[in-house]
Amino acid sequence: MVLPFQHTVYHWLEMRTKMRIMGFHAEAIKPLNEDAAAELGANLLGEAIIFAAAGSCLLLEFWRQKSSKHRREVAQVATVLSLREDVEYLENMLDEVQVQVQAALPRNALDELRAELRAELRAELWAELQDELQKFRTQICKDCYEPELKPELECPETPKE
């Protein structure tokens, strides 16, 4: 329960502040009657409720945006880790194949086959990484509302035709 006395104090503070801002130095401010104090209190209470609702909406939206951003970052990190694991697996498979080929072929044929396998594997890996990088950039561009950049990347150690 809000007492009319509290609204009178609010009125006194408000009027005193307004007078000082306008350059007047009023010593006495007339107190409000009970009806005016009740109306002022109702207005103050209504404004406080609206302000609290708007503030809580802003806080909820901030929290929602933050959690959404966190989920996207976690998904991107998981994708990068998965790609790294795939590359490591393919490198291990390549090493195993190289050991098997060394045991089966003469040295000069082995060198030719090794170079051919490396070139094919690098080309395949490079194509997959470019696709994932393009998806990643597209996602970042969508998130940041920035134009998408498409730099021309070249695969290292790939013979140019």
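Helices and strands, as I use the words today, are DSSP runs, at least four residues of H or I for a helix and at least two of E for a strand, numbered from the N terminus. On that basis, the protein before you has three helices and zero strands. Please keep in mind throughout that this is a predicted model.

Let me begin with the overall arrangement. Along the sequence the pattern reads α-α-α. The protein has 161 residues, of which 11% count as buried.

I turn next to an annotation. UniProt, in an unreviewed entry, places the feature "transmembrane region" at residues 40-63. In the model, that stretch is 100% helix and 0% strand, and its end C-alpha atoms lie 35 Å apart.

Now to the charged side chains. How many salt bridges does the structure hold? There are two.

E61 has a relative accessible area of 36%, so it counts as partly exposed. R64 is likewise partly exposed, because its relative accessibility is 42%.

The other pair is E132 and K135, whose closest N and O atoms are 3.8 Å apart. For reference, the cut-off for a salt bridge is 4 Å. E132 and K135 are both in helix α3, again three residues apart and about one turn of the helix. Are these two residues buried, partly exposed or exposed? E132, at 23% relative accessibility, is partly exposed; the limit for buried is under 20%. K135 has a relative accessible area of 55% and is therefore exposed.

My last topic is the surface charge. A patch of negative charge is formed on the surface by E85, D86, E88, E91, D95, E96, E112, E116, E120, E124, E128 and D131. Which elements give two or more residues to this negative patch? They are α2, spanning 34-104, and α3, spanning 107-144.

Let me take E124 as one member of the patch. This residue is found in helix α3. Its relative accessibility is 49%, so E124 counts as partly exposed; exposed would require over 50%.

To close, the predicted model shows three helices, two salt bridges and a surface patch of negative charge to which α2 and α3 each give two or more residues.

Technical notes: Residues are numbered from 1 along each chain as its sequence is written. This is a predicted model: local features need pLDDT of at least 70, side-chain atom pairs count only at pLDDT 80 or more; totals for chains, interfaces and linings use all residues. Side-chain values use heavy atoms; hydrogens and water are left out. Patches are made of residues with over 30% relative accessible area and no salt bridge: like charges are joined within 9 Å, nonpolar side chains (Val, Leu, Ile, Met, Phe, Trp, Tyr) within 5 Å. Accessible areas come from the Shrake-Rupley method with a 1.4 Å probe; for residues, only the protein chains shown count as cover. Lys and Arg count as positive and Asp and Glu as negative; His and the chain ends are not counted. The place of a charge is taken as NZ of Lys, CZ of Arg, CG of Asp or CD of Glu. Buried means under 20% relative accessible area, exposed over 50%, partly exposed in between (1.4 Å probe, protein chains only). UniProt positions are given in the numbering used here, feature names are shortened, and annotations may be inferred rather than shown by experiment.
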